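Please keep the sequence and the model in view while reading.

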Amino acid sequence: MSGIILALDYPSAGRALELVDLLAERVNFYKVGLELFAREGPAVVHHLRSRKKQVFLDLKLHDIPRTVGGAVAAASDIGARLVTVHTAGGAHMMEAAAEAAKDGTRLLGVTMLTSLGTSSLPRQADGARVTLEDHVLQLAGGARAAGLDGVVASPLEAAALRRRFGDGLLVVTPGIRLPQQSLHDQRRVATPRRAREAGADYLVIGRAVTGAPDPRAALDAVERDLAPALRDS
């Protein structure tokens, strides 16, 4: 499925790869996050690459520039297609990451986690909080200026990002839920169709599929929800 990244939020490579094999050729892009990478290390990326899958290594790197640059170079070496760094790390850190990325690896700046709401926003000099949209746009502007390829933002900010940056910034959106599904620990969510219509390039889908009793049936439901947006694109 073009434009879909399935999140392998599992505690072991064995369980993750069972799902990859279950879905066979239906999904070609998978996200490896902090828990799975901390348990399995680069081996899980090698397993996915051996199955001809693309890998989104979502480690949300945030450290001094030299350390982040080294980590990005290592991620490139093991074949990661997408890698995340935190925009909160600042311009120098993001620039070091951009310089370290090798051909075939694209960098994404994490703006504001989908688990956070307006109470997490910074305050202006007068004490009022900045708007969520303005905050995400500011962080995205910093990511683009530093040489990053795109950003991770909730689907609720995707349309504003597309209006501001056009096609010059890759927009990747987690927080995807099918209608009537639980929000779990996320606040800013949307259906696959709404996220695509808002301008998202990639939809990161996790528990909507991986937590379903029948992942293949859940993936069918995602495809049905997406179909009108794909026809109109």
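Which residues of helix α5 (residues 91-100) are buried? In this predicted model, they are Met 93, Met 94, Ala 96, Ala 97 and Ala 100. Seen down the helix axis, the buried residues of α5 fall within an arc of 160 degrees, so they line one face of the helix.

**Nonpolar cores**

- In soluble globular proteins, nonpolar side chains tend to be buried together.
- The largest nonpolar core here has 65 residues, and those with the most contacts inside it are Leu 8, Leu 57, Val 85, Leu 161 and Ile 205.
- Helix α1 supplies the largest share of this core, 6 residues.
- Another core, of 11 residues, lies apart from the largest one; among its members are Ala 7, Phe 56, Leu 170 and Val 172.
- Beyond its neighbours within four places in sequence, Leu 8 is in contact with Ala 16, Leu 19, Val 20, Tyr 30, Lys 31, Leu 36 and Leu 48.

**Salt bridges**

- The model holds 11 salt bridges.
- One of them joins the side chains of Arg 26 and Asp 220, at 2.7 Å from N to O. Arg 26 lies in the loop between α1 and β2 and Asp 220 in helix α10 (residues 215-232), so the pair ties together parts that are 194 residues apart in sequence.
- Arg 26 also meets Glu 223 in a salt bridge, at 3.1 Å from N to O. Because Glu 223 lies in helix α10 and Arg 26 in the loop between α1 and β2, this pair links parts that are 197 residues apart in sequence.
- Arg 26 is partly exposed at 25% relative accessibility, as are Asp 220 at 30% and Glu 223 at 32%.
- Glu 197 forms a salt bridge with Arg 194, their closest N and O atoms being 2.9 Å apart. Both residues lie in helix α8 (residues 192-198), 3 residues apart, about one turn of the helix.
- Salt bridges that share partners join Asp 9, Lys 31, Asp 58 and Lys 60 into one network.

**Positive phi values**

- Most residues other than glycine have a negative phi.
- Ala 24 has a positive phi, near 45 degrees; this residue is found in the loop between α1 (13-23) and β2 (29-32) and is partly exposed, with a relative accessible area of 37%.
- Lys 52 also has a positive phi, near 65 degrees; its place is in the loop between α3 (42-50) and β3, and Lys 52 is exposed, with a relative accessible area of 69%.

Note on methods:
Residues are numbered from 1 along each chain as its sequence is written. This is a predicted model: local features need pLDDT of at least 70, side-chain atom pairs count only at pLDDT 80 or more; totals for chains, interfaces and linings use all residues. Side-chain values use heavy atoms; hydrogens and water are left out. Buried means under 20% relative accessible area, exposed over 50%, partly exposed in between (1.4 Å probe, protein chains only). Helices (H or I, at least four residues) and strands (E, at least two) are DSSP runs, numbered from the N terminus. The arc is that of the directions from the helix axis to the C-beta atoms. A nonpolar core is a set of buried Ala, Val, Leu, Ile, Met, Phe, Trp, Tyr and Cys residues joined through side-chain atoms within 4.5 Å. Contact means heavy atoms within 4.5 Å. A salt bridge is a side-chain nitrogen of Lys or Arg within 4 Å of a carboxyl oxygen of Asp or Glu.
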